[in-house]
Amino acid sequence: MRIATIAVAAIGALTLAACGSPAEKAAEKQADAVEAQGEATADSLEKQADAAKDAGNQTAGEALDAKADAVEESADKKADAIEQKAEQ
C-alpha cells in the first residue's frame, strides 16, 4: 500500500509539473517574444554587416557581426531569466 501511495503521489506531481501555471505560461510567452526580438535585431545587424563587408569595410562588418552576436546572447539570457523567475 505504501508503494502504491508513493507511486500515485509521484504521478500526481509529474502531472502538475507538466501542466504549468498560468504565470509560467505567460512568462514562457514573454521569454519567446524576447528571444524573437533579439533574433530579429541580430538578423538585421548581420545584414548590415554583410553590406558593410560587400562595400569593402571589413572592420565595420566584423564589428556589426560581434554586436549581432552580443544582442542575441543578451536576449537569450534575458529570456532564460524570465523563465527561471516564473518557475520559482
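This is a predicted model: local features need pLDDT of at least 70, side-chain atom pairs count only at pLDDT 80 or more; totals for chains, interfaces and linings use all residues.
Me: How do H2 and H3 run relative to each other, roughly parallel or roughly antiparallel?
Reply: Helix H2 covers residues 22–54 and helix H3 covers residues 58–87, and their axes sit 8 Å apart. The two pack at an angle of about 180 degrees, and angles over 145 count as roughly antiparallel. So the pair H2 and H3 is roughly antiparallel.

Me: Which helix do the buried residues of H3 pack against?
Reply: The buried set in H3 is Gly61, Leu64, Ala68, Ala75, Ala79 and Ile82. By class, the contact between H2 and H3 takes in 16 nonpolar, six polar and 15 charged residues. Those buried H3 residues pack against H2.

Me: Which residue forms a salt bridge with Asp65?
Reply: The structure has two salt bridges. In the one with Asp65, the closest N and O atoms are 2.4 Å apart. Asp65 lies in helix H3 and its partner in helix H2, 12 residues apart, linking distant parts of the chain. That partner is partly exposed, at 28% relative accessibility, and it's Lys53.

Me: About how many helical turns separate Glu73 and Lys77?
Reply: Glu73 and Lys77 form a salt bridge, with 3.3 Å between the closest N and O atoms. Both sit in helix H3, four residues apart, so the separation is about one helical turn.

Me: Is Lys77 buried or exposed?
Reply: Its salt-bridge partner is Glu73, which is partly exposed with a relative accessible area of 46%. Lys77 comes in at 55% relative accessibility, and the cut-off is over 50%, so Lys77 counts as exposed.

Note on methods:
Residues are numbered from 1 along each chain as its sequence is written. Side-chain values use heavy atoms; hydrogens and water are left out. Axes are lines fitted to C-alpha atoms, for helices over the stretch in contact, and angles run from 0 to 180 degrees between N-to-C directions. Angles under 35 degrees count as roughly parallel, over 145 as roughly antiparallel, 65 to 115 as roughly perpendicular and the rest as oblique. Ala, Val, Leu, Ile, Met, Phe, Trp, Tyr, Cys and Pro count as nonpolar, Asp, Glu, Lys and Arg as charged, and the others, Gly among them, as polar. Buried means under 20% relative accessible area, exposed over 50%, partly exposed in between (1.4 Å probe, protein chains only). Contact means heavy atoms within 4.5 Å. A salt bridge is a side-chain nitrogen of Lys or Arg within 4 Å of a carboxyl oxygen of Asp or Glu.
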